[in-house]
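Q: I have a model open and want to learn how to read its packing features. Can we go through them one by one?

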Amino acid sequence: MLKREDDTPAVPTAPVTRVEPFASRTRVAYLSMEIALEPAVHTYSGGLGVLAGDTAYSAADLNLPMVFVTLVTRQGYFRQVIDADGNQTEEPDPWDPAAHAVPLGALVAVTLEGRSVWIRPWFYELKSPTGGRVPVLLLDTDVEQNDPVDRDITDHLYGGDETYRLKQEIVLGMGGPRILQALGFDIRTFHMNEGHAALLTIELLNRFRRALGRQLPHFSEYDYGRVRDMCVFTTHTPVEAGHDKFSYELVNRIAGDLLQNGDLKDLGGTDHLNMTKLALNLSNYVNGVARKHADTTRHMFPGYEVRSITNGVHPGRWAHPAFCRIFDENYPVWHVEPEALNHVDSLPDETIWQAHMTAKHELADLIRQRTGTSLDPDLPTLGYARRMTGYKRPGLLFRDPERLLAIAEKTPFQIVIAGKAHPRDATGKAAIHEILGISGRLADRLKIAYLPNYNLSVARHIVSGVDIWLNTPMPPLEASGTSGMKAALNGALNFSTLDGWWAEGCLDGVTGWAIGDGAPSEEDGEDLYRKLEGTILPLYHDDREKWIWMMKQSIGRIGSTFNTQRMMRRYGAEAYLR
Ligand SMILES: *Cc1c(COP(=O)(O)O)cnc(C)c1O
């Protein structure tokens with residue numbers, strides 16, 4: 001193990017033996033820039049991290065031999081505060097690793113700008129509702145052996161400039177496997193969750209170099225086949241700008257020569273180091289996160305075999321306690337076998353409605369505390385919560401405020417909104433400002449509550465407490481989306497464009513409703529208003545029996561399918577244990 005003699009950590013470290021029971025059985029390592037573990041642990045920003053967290057919970061439920069690796073992100077992503085003018089402002093969102101994890105007495109180094117940057121892992125033991133456990137390692141460069149300039153590398157999620165970002169990706173992709181090796185993990189399969197972890201492939205190529213290579217012409221000293229056999233890659237981004245790219249000049253300045261003989265350009269692209277390309281070239285199993293997204297990925301990167309294990313959510317984490325009680329009573333196996341939820345159909349209407357109303361009242365309480373707005377639990381509530389960014393079209397619902405008002409006067413309803421914009425996303429920030437302006441102007445006639453600081457706990461309240469879950473991405477730009485799956489599990493009915501997972505989950509008039517036909521269209525806004533006014537709100541007000549029947553279809557058909565238990569069984573069988 002790499003450990004320096006002057007190692008005198010400020011926090012007392014736990015002996016490495018803490019992870020030994022895990023290390024001896026673990027075969028699969030999952031690397032992700034963000035993982036949402038629990039509300040007080042700020043190591044995530046949004047959907048990608050929540051998926052990683054749900055993945056870890058299912059791995060624990062299913063007893064999969066896995067370890068999860070991410071950065072400690074001491075300062076979090078950011079805390080959203082809405083100011084008096086209706087603008088998002090950002091504050092740091094720190095958390096205390098020592099309150100949730102233990103630092104292990106192990107150090108490894110990566111070389112950045114010619115300096116050794118030491119990394120210490122924190123050990124977080126994740127326990128799932130069924131009592132399963134998996135280890136999570138949180139990588140930290142805030143150790144006293146480091147030059148002060150390197151101690152904040154693992155502080156800010158998606159913060160800083162591209163140099164900062166590259167350093168983080170080196171810590172995750174190259175430091176991650178080194179830490180695992182130092183802790184005695186014998187990893188056979190590495191899963192890269194998005195391209196942020198793709199430098200892992202470089203680390204493995206260098207680890208398994210072949211000694212005699214240079215004596216033979218056209219013989220690479222790098223064992224591509226061996227590394228490819230070890231790597232699984234999930235891509236999440238159908239937006240070209242969403243793929244990380246670094247100039248070779250920057251890479252060379254920060255990390256030196258990563259590979260000999262120009263091999264890096266063969267793998268990562270001639271102009272820039274494209275992390276998606278790098279991961280695609282060195283993974284034996286590549287996954288898109290829904291069928292439609294896999295098709296999009298095949299068009300963006302022709303020549304690669306792209307599978308489609310559709311994303312899911314962890315049922316035990318996302319079902320409201322009132323629904324958990326019903327499921328526990330009627331289908332005790334539902335935690336590990338959510339297929340059992342298919343039978344929800346036969347439960348009494350009253351049982352489902354009461355559980356829903358419990359969640360709806362809790363959401364109303366939270367909204368009153370945080371915003372001062374009092375919602376009416378008897379009115380249909382439309383929810384929209386996610387990252388505020390252009391392609392998700394957060395303004396679509398509000399494009400004609402007069403029309404929205406006219407609908408509300410005929411068939412009363414109310415709206416709950418939440419979402420952060422990335423600090424540098426001007427379009428997303430403008431959308432927040434616009435929505436807040438409209439909600440202020442309509443306040444007397446249509447209640448629109450904006451819950452600030454969307455995060456795990458706000459999400460839990462919103463997805464379970466609304467009646468209708470709206471999503472309006474511009475197809476085909478939503479890779480999967482998962483919030484609608486959480487809503488469905490709690491009996492909220494999805495109303496969305498046919499993109500990502502909803503293209504698979506929508507049975508119009510049964511599990512929810514479609515906006516548009518799945519093609520990118522300027523007509524989506526009109527279709528939204530037309531269906532809301534003509535179909536959805538009248539059904540809620542006039543035919544509660546049919547509405548509850550649809551709630552049951554939503555829980556049964558979507559909850560039984562779009563979950564991470566099914567997802568992880570497929571990753572296990574098709575990608576990890578080949
Ligand atoms: C589920 C979740 C997301 C993902 O939402 P999408 O609508 O799928 O983009 C983002 N943020 C939080 C906090 C979540 O819980």
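Q: What sits over the ring of F208?
A: A charge sits over a ring if NZ of Lys or CZ of Arg is within 6 Å of the ring centre and within 35 degrees of the ring normal. Here the charged end of R226 takes that position, 3.8 Å from the centre of the F208 ring. There is another case: R386 lies over the face of Y384, at 4.6 Å from the ring centre.

Q: What should I know about the model and its numbering?
A: This is a predicted model, where local features need pLDDT of at least 70 and side-chain atom pairs count only at pLDDT 80 or more, while totals for chains, interfaces and linings use all residues. Residues are numbered from 1 along each chain as its sequence is written, and side-chain values use heavy atoms, with hydrogens and water left out.

Q: How many residues does the largest nonpolar core have?
A: A nonpolar core is a set of buried Ala, Val, Leu, Ile, Met, Phe, Trp, Tyr and Cys residues joined through side-chain atoms within 4.5 Å. Buried means under 20% relative accessible area; exposed is over 50%, and partly exposed is in between (1.4 Å probe, protein chains only). The largest core has 90 residues. Those with the most contacts inside it are F327, F413, I415, I462 and W547.

Q: Why does this core lie between domain 1 and domain 2?
A: Domain bounds come from an automatic or database domain assignment. Both domain 1 (20–216) and domain 2 (315–562) give residues to the core, so it lies between them. A second, separate core has 73 residues, including F78, I119, I179 and A197.

Q: Which residues is F327 in contact with, leaving aside neighbours within four places in sequence?
A: Contact means heavy atoms within 4.5 Å. F327 touches A319, P332, W334, L341, V344, L489 and I555. F327 counts as buried, at 0% relative accessibility.

Q: How many aromatic pairs are there?
A: Rings of Phe, Tyr and Trp (its six-membered ring) pair if their centres lie within 6.5 Å; planes under 30 degrees apart count as stacked, over 60 as edge-to-face and the rest as tilted. The count comes to 12. Take Y30 and F68: the centres are 5.0 Å apart and the planes at 45°, so the pair is tilted. Helices (H or I, at least four residues) and strands (E, at least two) are DSSP runs, numbered from the N terminus. Y30 is in strand 1 (residues 28–32) and F68 in strand 2 (residues 66–71), so to read this pair is to link distant parts of the chain, 38 residues apart. Both Y30 and F68 are buried. F327 and W334 form an edge-to-face pair, 5.0 Å centre to centre with 70° between the planes. Ring pairs also link W353, W513, Y540 and W547 into a cluster.

Q: Which residues does a cis peptide bond join?
A: The bond joins P475 and P476, with omega about 5°. P476 is in the loop between strand 18 (468–471) and helix 16 (483–489).

Q: What is the phi of R393?
A: Phi is positive, about 50°, although R393 is not a glycine. R393 is found in the loop between strand 15 (381–385) and helix 13 (401–410). R393 is buried, with a relative accessible area of 13%.

Q: How many disulfides does a search of the whole structure find?
A: A disulfide is a pair of cysteine sulfur atoms within 2.5 Å. The search finds 0.
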